[in-house]
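Trainee: Hi, could you walk me through a structure? I have a few quick questions.
Mentor: Happy to, let's open it up.

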Amino acid sequence: MTTFVHFPLKTTDQVVWSTPLSSFLSSTFGRSFTSDLQPAFSRLDELRTNIQHASFKDADIIIPQYIDYITQIDSLRLRLPLELVTIEFKWLDTLKEEEISQKSVSFEKASIMYNLACLHSYKGSVAASNIDWKLAVSSFAHASGIFEYMASHFLHSPASDLDVHASKLFSHLMSAQAQECFLWNYMHTAETKHSLVAKLAKGVSERYEKVIKYLNKGVDLDCLNECKWKKEYFLAFAYFHDAQNYGSVPQIGYAITSASQGLDTCKELRKIKVDSILNDIGEELKKEITSKLKEWEKDNDLIYHHAVPDKINVPAIKKLEGAKSIDFEKQLMENGGCRDLFDKIVPMEAHQSMSIYSEKQAQILRKLKEEINVANEEVVSVFEFSKIPSSIIEIQNLLRSRNSTVEEEEREKEAGYPRVLAMAHEMETSSMSSDQFDMTEVNSKREEIKESLEKIDELLMKDDKNMLIKSLPINNELTKLRDEVSSTRRIMVEADLSDSKLSDLWSKYEVEISVLRKGVSKLHEWLSSSNTDDLNKQISLLDLDDSSDNYDINTANELIENIYANKKSLELLVNERNSTLQDLTEAMHAEDISSVLINYRDASDEELEQVFLEQLSKYDAYRSRINDLIDAQPNKIFDLKESLGSLLDLGIVKKKLEEKKRERGTVKSKINRLIDAYEAFKLCTKGVGEAVNFYTKLQHRTSEILNRIQSIVNQRDSYISDSRSSIGSDPTGNLGGFGGYTVNYPQQQQPPAYSTSSEQTPNIPPLPSKPAYTGNTHSSLPYSTPSVYDPNMYSQFGQSWK
């Protein structure tokens, strides 16, 4: 086993971040904001102190702190203009052995990364000495990746050990050692192939050749001879295993030529001055090649007699890269557990970009919500239109019921029949008004009121013309009378609604009322004839062929199960869509991409758009799931409709539905209707009387208003326009009193009351009074509530007698 190189650590002086950062942030963001960041400043100082005092023996512990420190520095550089923060960094140049001082954070980061690579190189050397080849490969590959990053990102370093040429040299040297350890690790496996060993060794030799080229360009390292020796050694090693590969075929002639090339290369090893250990390793390889070469030459002379080709005729060994440098960005991701201490500091540019990104998130959510709402409404409409599950439950109940309902009808008849008999007896023997519903007198009163209102309109129109022609002043009393006329018209409109509802109620139960008015005998006859017709229809159904009923019932049960399965599937789709949308919403609200956007402060709109697309792509899984859940819905709805249609087309279901329709005409339904008719009869007969009384009082009131308006208009008609005085008027323009009394009208139009107010004038009658009535059915009488003055009072009336 050969030896391995690692680099010494750079030393540094103490650096305090907290003081200059606090001063800068306080002047920029304020003391309150800065005080919240004090723990972060303290942690940064702690990391820097640990790095300052770190040594090789602490490699495993200190490497994560190096990564953490670099992460925090990068975060600060992205969030703050650190060139305005004055901090001096002092580091030792390990090649020139002199201290260099800089106020650049880039210099600080480069020096930290150099030490981090040195720690990895030390870990690799120790692992190689302990024959832990896998750890050695990983450590050297990490170191190579760090140096490679430094060579491409720190182009003008003031330290010689940090410049581009030195970083490239260190990267190639660590890469060569990683490849070498990879080869030794392969050599320790159970089965090795000489052809693969030869290619790996050729790769090691060429990597050391690159190192030698950089060493010859001026970087002073004491490992030049070792690198030259390893280049030649692994080339000889490659030739030897290539020869053994030919010998195993066997192609003894090619084996002899390759072995000879290896032996010639071993001779070059003796010309390089290295320590005795490496010389002994070279001599051992030379002996093995010489021994094997003699054996092949002897076998070829005695057995194979193969021609020995020239060196130029032997195929060149192709190199194989076994180990590759681990990119530093990837190393940072491997140690992604470092929390950003300064995530609260967000530049204004990042805030603006985050606002744009949030709007793009909102657009996605709005679109998905709209699509989900449309899909969910489709499911709801299907259930509502199909009346699922109530319609299916009804069909299931029908399929479980017996064919004949005669016994059930008899039991239903017993429940309400005594009450109906009592109603019929009461209506036949009582002194109630005729069963005819007569609204003639009501209509007559309404016509008289309308005629009075038309005359009032003519008088008011006449007064309006006089006001224009004779310049009459506005009469306050006449204005208030106009308001009374408007109120009366409104009352007429609302009373007409009461008349219509009363007439509709009578029409609805006219047949049943006629049956009840004719007494018990007519009632019995009417119920019996209805029951007989239904029974005849039921008997005709019993004569049908029911041979396929059992098959239809089994089919119906299967269809019902399918309907319920599809219903459940649709409900699951709805719930899953809503749940996925909720998860997506929460994920978007919780996302903070400020740490990403601060890397694109000076990016163009096109670059930002690309960043947004990449960030939004993480939600593609949610969007795809929602779209899949929406796309699965049409087939479920189609299956449900098909099953429901097939169920309704079954003969047994049609027969049961027909029976259900006939049940609506059974004795029970008719008895219930007779009970409702009795209550409606009492209400209608009572209501007609109330209506007549109401319109009589309203007519009287309208006539008095007409007389008063006529008196005022006639007086104003005789008014001489060139005189400024008014006949019987006071200085305010009001005409004289009304029949010796003063009419007191409220300043604001109030809902007129049915009862006579003590404040009203005797000459103008009050609105019809409201007779008190308390009923147990159908709410209250239409004319026993102030419905003409409060339209909401009729809503209960309409609901009771629909």
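This is a predicted model: local features need pLDDT of at least 70, side-chain atom pairs count only at pLDDT 80 or more; totals for chains, interfaces and linings use all residues.

Trainee: Thanks! Where does Gln244 lie, and what is it in contact with?
Mentor: Gln244 lies in helix α9 (residues 224-247). Leaving aside neighbours within four places in sequence, Gln244 is in contact with His194 and Trp296; contact means heavy atoms within 4.5 Å. Helices (H or I, at least four residues) and strands (E, at least two) are DSSP runs, numbered from the N terminus.

Trainee: How many helices and strands does the chain have?
Mentor: The chain has 27 helices and two strands. Of its 802 residues, 45% count as buried.

Trainee: Switching to the core: which residues touch the most other members of the largest one?
Mentor: Those are Phe7, Trp17, Leu21, Leu173, Tyr233 and Phe328, in a nonpolar core of 116 residues. Domain 1 (8-190) and domain 2 (193-336) both contribute residues, so this core lies between them. The domain bounds come from an automatic or database domain assignment. A nonpolar core is a set of buried Ala, Val, Leu, Ile, Met, Phe, Trp, Tyr and Cys residues joined through side-chain atoms within 4.5 Å.

Trainee: And what does Phe7 touch?
Mentor: Not counting residues up to four places away in sequence, the residues Phe7 touches include Phe56, Tyr114, Phe147, Leu173 and Leu221. There is also a second, separate core of 48 residues, with Met423, Leu516, Leu683 and Ala691 among them.

Trainee: Leu516, you say. Which residues of helix α18 are buried?
Mentor: In α18 (residues 510-517), the buried ones are Glu512, Ile513, Val515, Leu516 and Arg517. After α18 comes Gly519, which has a positive phi near 95°.

Trainee: On to charges. How many salt bridges does a search of the whole structure find?
Mentor: The search finds 32. A salt bridge is a side-chain nitrogen of Lys or Arg within 4 Å of a carboxyl oxygen of Asp or Glu. One of them joins the side chains of Asp161 and Lys10 (2.9 Å, N to O). This pair links distant parts of the chain, 151 residues apart: Asp161 is in the loop between α6 (133-153) and α7 (164-187), and Lys10 is in the segment before α1 (18-29).

Trainee: Why do Asp161 and Lys10 count as buried?
Mentor: Asp161 counts as buried because its relative accessibility is 0%. Lys10 is buried because its relative accessible area is 4%.

Trainee: What about Asp340, which residue does it form a salt bridge with?
Mentor: Asp340 pairs with Arg79, and the closest N and O atoms are 2.7 Å apart. Asp340 sits in the loop between α12 (328-334) and α13 (348-386), while Arg79 is in helix α4 (residues 59-79), 261 residues apart. Arg79 is buried, with a relative accessible area of 5%.

Trainee: Last one: which residues are linked in a network of salt bridges?
Mentor: That network links Lys202, Glu206, Arg207, Lys319 and Glu321.

Technical notes:
Residues are numbered from 1 along each chain as its sequence is written. Side-chain values use heavy atoms; hydrogens and water are left out. Buried means under 20% relative accessible area, exposed over 50%, partly exposed in between (1.4 Å probe, protein chains only).
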